[in-house]
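The stops below are meant to be selected in turn.

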Amino acid sequence: MSQDRRRHAEATLRNREPILQVLQSILPVEGALLEIASGTGEHAAHLAPRMPKLRWIPTDGDEDAVESIAAWRAATGSPNLDAPRLLDVREEDWGVNDLDAVLCVNMIHISPWECTEALMRGSARALKPGGLLYLYGPFMIDGLHTAPSNERFDRMLLMQDPSWGVRDLGAVTDAAFAAGLVLEGQVEMPANNLSVWFRRPPSA
Ligand SMILES: C[S@@+](CC[C@H](N)C(=O)[O-])C[C@H]1O[C@@H](n2cnc3c(N)ncnc32)[C@H](O)[C@@H]1O
């Protein structure tokens, strides 16, 4: 795969290290992680080599994105980074199970709400008991934006597609709970984003 298929998203350069710090504090050292909506593949290419005992499975619902992820993977050469898979989060069968973690960065506000619900249902199915779902992105809290920049971003998203928009953490937590996942933690991240993680209860 030619490396010139690699796409670049500027924000990944700014958020990848803060995301790594959080992941290293909440993920098991070993296991299997499925990334939903890997986009360019830059997070996978940066994070997988830094967590070398974790098998990292990148995916995206867009074919061009999958090509970019494959090109970043080829450039990285990290043995724990799988070939990317074409996967729409709304598919009933993700083709994986017994996962230790699912990771989804910056997708739920750039897709219809049904994708958030599908992410929760799919994660609850694919995670092993005790497994963890990690989300990163902007959130509203109690129906309010946490910063003027997030409010402007939300208006821009809605103009682009009325089914998109910054999600309320309460609604996301409710969708997770309905699927069988429990909110475990959240931490403020740079640029008014949040890291939020949910767990499939060990006995479920
Ligand atoms: C803003 S990009 C974020 C990409 C990457 N996670 C990042 O932070 O750079 C949103 C990604 O979500 C993907 N996406 C949107 N809807 C999806 C769906 N229904 N299933 C899977 N991926 C989807 C898009 O193809 C795109 O790559």
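**Before starting**

This is a predicted model, in which local features need pLDDT of at least 70 and side-chain atom pairs count only at pLDDT 80 or more, while totals for chains, interfaces and linings use all residues. Residues are numbered from 1 along each chain as its sequence is written, and side-chain values use heavy atoms, with hydrogens and water left out.

**Stop 1: the largest nonpolar core**

Select Ile-36, Trp-94, Leu-119 and Leu-135, which touch the most other members of the largest nonpolar core, a set of 32 residues. A nonpolar core is a set of buried Ala, Val, Leu, Ile, Met, Phe, Trp, Tyr and Cys residues joined through side-chain atoms within 4.5 Å. Buried means under 20% relative accessible area, exposed means over 50%, and partly exposed lies in between (1.4 Å probe, protein chains only).

Next, colour β1 (31-36), β4 (99-105), α4 (113-126), β5 (127-137), α6 (169-179) and β9 (193-199), each of which supplies at least two residues of this core. Helices (H or I, at least four residues) and strands (E, at least two) are DSSP runs, numbered from the N terminus. The largest share, six residues, comes from α4. Apart from this core lies another, of 22 residues, including Ile-19, Leu-103, Tyr-134 and Tyr-136.

Now centre the view on Trp-94. Leaving aside neighbours within four places in sequence, the residues in contact with Trp-94 include Leu-34, Ile-36, Val-102, Ala-118 and Leu-119. Contact means heavy atoms within 4.5 Å.

**Stop 2: helix α5**

Select residues 148-160, the 13 residues of helix α5. At 1.5 Å a residue they should span 18 Å, and the end C-alpha atoms are 19 Å apart, which agrees. The expected span is 1.5 Å times one less than the number of residues in the helix.

Which residues of α5 are buried? They are Asn-150, Asp-154 and Leu-157. Seen down the axis of α5, its buried residues fall within an arc of 65°, so they line one face of the helix. The arc is that of the directions from the helix axis to the C-beta atoms. The buried residues of α5 pack against β6 (139-140). Turn the view to find the exposed residues Pro-148, Arg-152, Arg-155 and Met-159 on the face turned away from the buried side of α5.

**Stop 3: helix α3**

Select residues 63-76, which form helix α3. Its 14 residues reach 20 Å from the first C-alpha to the last, close to the 20 Å expected. The buried residues of α3 are Ala-65, Val-66, Ser-68, Ile-69, Ala-70 and Ala-71, and what covers them includes β2 (54-60) and β3 (85-86).

Inspect both ends of this helix. At the N-terminal end, Asp-62 caps α3, with a side-chain oxygen 3.2 Å from the backbone nitrogen of Asp-64. Just after α3, Gly-77 takes a positive phi of about 65°.

**Stop 4: Asp-60**

Select Asp-60, in strand β2. Asp-60 is buried, with a relative accessible area of 11%. The side chain of Asp-60 reaches the backbone nitrogen of Ser-38 at 3.3 Å and that of Asp-62 at 3.0 Å. Asp-60 and Glu-35 are 25 residues apart in sequence and 8.2 Å apart in space, C-alpha to C-alpha.

**Stop 5: Asn-80**

Move to Asn-80, in the loop between α3 and β3. Asn-80 counts as buried at 9% relative accessibility. The side chain of Asn-80 reaches the backbone oxygen of Ala-48 at 2.8 Å. Beyond residues up to four places away in sequence, Asn-80 touches Pro-49, Met-51 and Trp-56, among others.

**Stop 6**

Select Leu-127 in strand β5. Leu-127 is buried, with a relative accessible area of 1%. Leu-127 and Met-107 are 20 residues apart in sequence and 19 Å apart in space, C-alpha to C-alpha.

How many disulfides does a search of the whole structure find? It finds zero, a disulfide being a pair of cysteine sulfur atoms within 2.5 Å. Cys-104 is in no disulfide, and the nearest cysteine sulfur, that of Cys-115, is 9.3 Å away. Cys-104 is buried, with a relative accessible area of 2%, and Cys-115 counts as buried at 4% relative accessibility.

Definitions and conventions:
A polar contact is a pair of N or O atoms within 3.5 Å; within protein, one must be able to donate a hydrogen and the other to accept it, and residues adjacent in sequence count only if both atoms are side-chain atoms.
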